[in-house]
Amino acid sequence: MADFVVEARTDFSNDVSKQPVLEVRDLVVQFERADGVVHAVNGVDFAVRPGEWLGIIGESGSGKSVTLMSILGLLGEGGRVIRGNAWFNGVDLVQLSDRQLRTVRGKDIGVVFQNLAEGFNPYLPIGTQIAEVLVNHRLCTRRTAHRRVIEFMHELGIADAKARFHQYPHELSGGMRQRAMIASAIVSEPKVIFADEPTTALDSTVQMQVLALLTDICRKRGTAVVMVTHDLGVAAHTCDRIVVMYGGIVMEEAPIDEFLQFPTHPYTLGLRDASFDPEQPDRPLRPIPGVAPVLLEAPRGCPFAPRCHMATTVCRERLPALRQTRPDHRVACHHVQGENEHEPYPIP
Amino acid sequence: MSLTPFLDLRHIEKSFRVRGKRLPAVRDVSLSIREGESLGLVGESGSGKSTLGRCAIGLTAPDAGSVRLFGQELVGRSRRDLRPFWRHMQMVFQDAGVALHPRMTVGRNVIDLLVARRLVSRREGLEIARQLLEQVGLHADQAEAFPFELSGGQQQRVMIARALAVEPKLLICDEAVSALDVSVQAQMMDLFIRLKQERNLSYLFISHNLPTVGQIADRIAVMYLGEIVEVGTTQRMFQKPYHPYSKALFASVLPIPANVSARRELRALPGEMPSPFDLSRGCPFHTRCPVAVDRCRDVRPQLRAIDDDHQVACHLA
């Protein structure tokens, strides 16, 4: 078994020469429900550069997973992209038909989900299922796929890959299944991987194995990653850039070092205060009161205002714009001073 | 906090029969909880922590060993004889939705144990239920609601109110917040910590989630393959655990660094927990241990004190 030690990742954030592999602009997603229309994503922008690891953080209900699902065309019943674009390889994924999207999903964009280990078909050997990614997307013949998958499983630290190829999902342990999952996400050598809470359901040491493996393999191959997580510690140790989401909008965005040193939005600070610090286990945590709301109408003011200790009238009435506060650092809060402003927005 | 053991487990053994084979779940475990103390029990799936918790409260009868509450032996008693002890110990499980009676109001669910044992009349009970619901952060009027009308977090609060109704001294929580949403988890932990302070409650807090345990526990015990490999104060366990397994386990909780250069290396423990069906002699961890020597493969290390309040089962500690 390989010893997965991961070096600090390269910081691409200042490299303007790299064009984004994925660029999401003004994305709006809504769900039709019996009790009305849920405004899940309300105008989100972000870009991912080649080899960059982008973390989207926030609580459940903040719209982070829906953002990924809508780009993949996996919204499910009642879900609809109202407007916006997701540029990938010069194509707007939002405009593609389901059939066209199928050629992208799993091939050019790999996917690792929280419970995807359960996404394997229980009646087919694990290796066959990974190989299918290659065969279905016509990337190679079945025979070549077989060989490549075994090489791949070996690279991912799956011992005795030849024998494992023919085993069924239930014969593998949870950690092995998660590895197999990563193998099927990355075997087609996608440019970008979407990872939605990839380690949340796992035991602590398995979590670490999966993170180390994923960071290692993506760094070697230069694969970009968009990872959705609620775990700030995990995001801080893997990501190059962070987007904080709440109420379906971007609250704060910055490169990781800037984000760690100068966290700004009251929501970001709230998430930090609510996070357990293993270096100070005695520090009492301050959970953010309440839960993220289901928005049955488009947010008029700041969606975080009802839970924010800094909220004033302006917060409840006007949606804050995402403004630059420091170089390459953007924040959407009425109470935070912009880079070239002397005063924050006037508060009536 | 007093130093007299309040709940004392000695040499607990428990195996299950699975497909005709013997599956050892708990192997010679001793553990004690002092009055007012919160003990965290951590370990990964299959480590035996839930079985140990069930043995502690008498839901599972151990094959061998002793469980003493205030010095009185619980092992060997029938369910009926155990009942008086359940006034002192209550259990909170992961899945509140299943544990609550769906056709009884929330209030009736809360006082069910009291009414069933004719400790209070229904009328008195309802008033108690309303008070308890407020104490766990719900509205008194929610006593009239039915469980399905509440969210998962609220249902779990009802379960806690129900456990508190008999005024226990110890709550055994088995993954009590694991199924909840992260922000709700945090609010729930807040409640557990408040109850600990207000009622001088003791906890046996069982979870695979180290941050949750770290918030409430005074001491933490680490289980691996049915054995306790280390016990120590929460501070020490997070900052300087001795056992190689504890080291890997606690290092997997990532802090938020001050900047990028303060990031920790992501160093994974290789391999997997071996199948409990074919346990070898020696230390249960030797198959994955980075520092194992010959002795570790042959001789099972005993849990021994290396410091005040700190015990480790490792030949090399």
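Predicted model: local features only at pLDDT ≥ 70, side-chain atom pairs only at ≥ 80, totals over all residues.

Reader: How many residues does each chain give to the contact?

Author: Chain A gives 42 residues and chain B gives 39 residues.

Reader: Which elements of chain B give two or more residues to the side that touches chain A?

Author: They are helices H7 (182–199), H8 (210–216), H9 (234–239) and H10 (244–251) of chain B. H7(B) gives the most, with six residues.

Reader: And how does that side divide into nonpolar, polar and charged residues?

Author: On the side of chain B that touches chain A, 20 residues are nonpolar, eleven are polar and eight are charged.

Reader: Now to H4 of chain A. What span should its 14 residues have?

Author: Helix H4 (residues 142–155) of chain A should span 20 Å at 1.5 Å a residue, and its end C-alpha atoms are 20 Å apart, which agrees.

Reader: Which residues of H4(A) are buried?

Author: A:Ala145, A:Val149, A:Phe152 and A:Met153 are buried. Seen down the axis of H4(A), the buried residues fall within an arc of 95°, so they line one face of the helix.

Reader: What covers them?

Author: The cover of the buried residues of H4(A) includes helices H3 (126–136), H5 (161–165) and H6 (174–186) of chain A.

Reader: And the face turned away from the buried side?

Author: That face of H4(A) carries the exposed residues A:Arg143, A:Arg147 and A:Glu151.

Reader: What follows H4(A)?

Author: A:Gly157 follows H4(A), and the phi of A:Gly157 is positive, near 80°.

Definitions and conventions:
Residues numbered from 1 in each chain as written. Chains lettered and ligands numbered in written order. Contact = placed C-beta atoms within 7 Å. Helix = DSSP H or I, 4+ residues; strand = E, 2+ residues; numbered from the N terminus. Nonpolar A, V, L, I, M, F, W, Y, C, P; charged D, E, K, R; others polar. Expected span 1.5 Å × (residues − 1). Buried ≥ 20, exposed ≤ 12 C-beta atoms within 10 Å, placed from the backbone. Arc of directions from axis to C-beta.
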